Amino acid sequence: MADLQAGLDLFLLLAMGHFLGDFALQSDRMALEKCPGVRGVLPWGWWLVAHAGIHGFLVAVISGVPLLGLAEWILHAGIDLGKCRRLYSIGIDQMLHLGCKLLWVAVLLLR
């Protein structure tokens with residue numbers, strides 16, 4: 001039961017961190033210019049890597065596991081790239097991101 005509570009607590013912190021990173025810490029410029037084909041002050045890849053890196057950092061700090069932060073960095077970039085290419089809506093994008101948070105909790109509880 002303690003593991004379940006710890007897992008729920010961790011998921012809530014990761015979800016809160018996600019919304020902080022995706023909305024409060026992402027500028028309008030970053031949100032637009034992280035997508036391929038959008039002309040900006042930096043090439044789109046720099047914006048995407050920086051945005052996903054913020055999420056990786058948040059996961060690493062909240063979970064205490066830098067390797068999970070690296071996994072988040074990579075998966076967050078891939079998910080956002082799919083959204084930029086209009087493969088799915090923002091709702092699916094957000095569900096995929098939160099699904100990653102569930103995966104990180106499962107990884108930590110099963111180790």
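Modeller: Please note at the outset that this is a predicted model.

Colleague: Which residues of H5 are buried?

Modeller: The buried residues are Asp-93, Gln-94, His-97, Cys-100, Lys-101, Trp-104, Val-105 and Leu-108. They cover an arc of only 135° around the axis, and therefore they sit on the same side of H5.

Colleague: And what do the buried residues of H5 pack against?

Modeller: Their packing partners are helix H1 (2–24), helix H3 (44–63) and helix H4 (66–84). On the face turned away from the buried side, H5 carries the exposed residues Met-95, Leu-102 and Leu-110.

Colleague: Which residues make up the largest nonpolar core?

Modeller: That core has 12 residues.

Colleague: What does Val-59 touch, leaving aside its neighbours within four places in sequence?

Modeller: Val-59 is in contact with Leu-14, Leu-68 and Trp-104, and also with Gly-64, Gly-69, Glu-72 and Lys-101.

Colleague: Let us move to H4. How many residues does it have?

Modeller: H4 has 19 residues, and its first and last C-alpha atoms span 27 Å, close to the 27 Å expected at 1.5 Å a residue. Its buried residues include Leu-68, Gly-69, Glu-72, His-76, Ile-79 and Cys-84. Among the elements that cover the buried residues of H4 are H1, H3 and H5. H4 is followed by Arg-86, whose phi is positive, near 60°.

Colleague: Where is Lys-83, and what does it touch?

Modeller: Lys-83 lies in helix H4. It counts as partly exposed, at 22% relative accessibility. Not counting residues up to four places away in sequence, Lys-83 touches Lys-34, Tyr-88, Ile-90 and Asp-93. Lys-83 and Trp-73 are 10 residues apart in sequence, and their C-alpha atoms are 16 Å apart in space.

Colleague: Changing topic: how many disulfides are there?

Modeller: The count comes to 1 disulfide. In general terms, a disulfide is a covalent bond between the sulfur atoms of two cysteines. Here Cys-35 is joined to Cys-84, with 2.1 Å from S to S. The link of Cys-35 and Cys-84 is left-handed, with -65° about the S-S bond. Cys-35 lies in the loop between H2 and H3 and Cys-84 in helix H4, so the pair ties together parts that are 49 residues apart in sequence.

Colleague: Are those two cysteines buried or exposed?

Modeller: Cys-35 is buried, and so is Cys-84.

Colleague: What about aromatic pairs: how many does the structure hold?

Modeller: The structure holds 1 aromatic pair. The ring centres of Phe-19 and Phe-23 are 6.1 Å apart and the planes are at 20°, so the pair is stacked. Phe-19 and Phe-23 are separated by about one helical turn, because they are 4 residues apart in helix H1. Phe-19 is partly exposed, with a relative accessible area of 37%, and Phe-23 is partly exposed as well, at 47%.

Colleague: Staying with H1, is Leu-13 buried or partly exposed?

Modeller: Leu-13, placed in helix H1, is partly exposed, with a relative accessible area of 45%. Its C-alpha atom is separated by 9.7 Å from that of Leu-58, 45 residues apart along the chain.

Colleague: One last item: where does Glu-33 lie, and is it buried or exposed?

Modeller: Glu-33 lies in helix H2, residues 28–33. Glu-33 is buried, with a relative accessible area of 9%. Not counting residues up to four places away in sequence, its contacts include Val-38, Arg-39, Leu-42, Trp-44 and Trp-47.

Methods
Residues numbered from 1 in each chain as written. Predicted model: local features only at pLDDT ≥ 70, side-chain atom pairs only at ≥ 80, totals over all residues. Heavy atoms only, no water. Helix = DSSP H or I, 4+ residues; strand = E, 2+ residues; numbered from the N terminus. Buried < 20%, exposed > 50% of the residue type's maximum accessible area, 1.4 Å probe, protein only. Contact = heavy atoms within 4.5 Å. Arc of directions from axis to C-beta. Core = buried A, V, L, I, M, F, W, Y, C linked by side-chain atoms within 4.5 Å. Phe/Tyr/Trp six-rings, centres within 6.5 Å; stacked < 30°, edge-to-face > 60°. Expected span 1.5 Å × (residues − 1). Disulfide = S-S within 2.5 Å.
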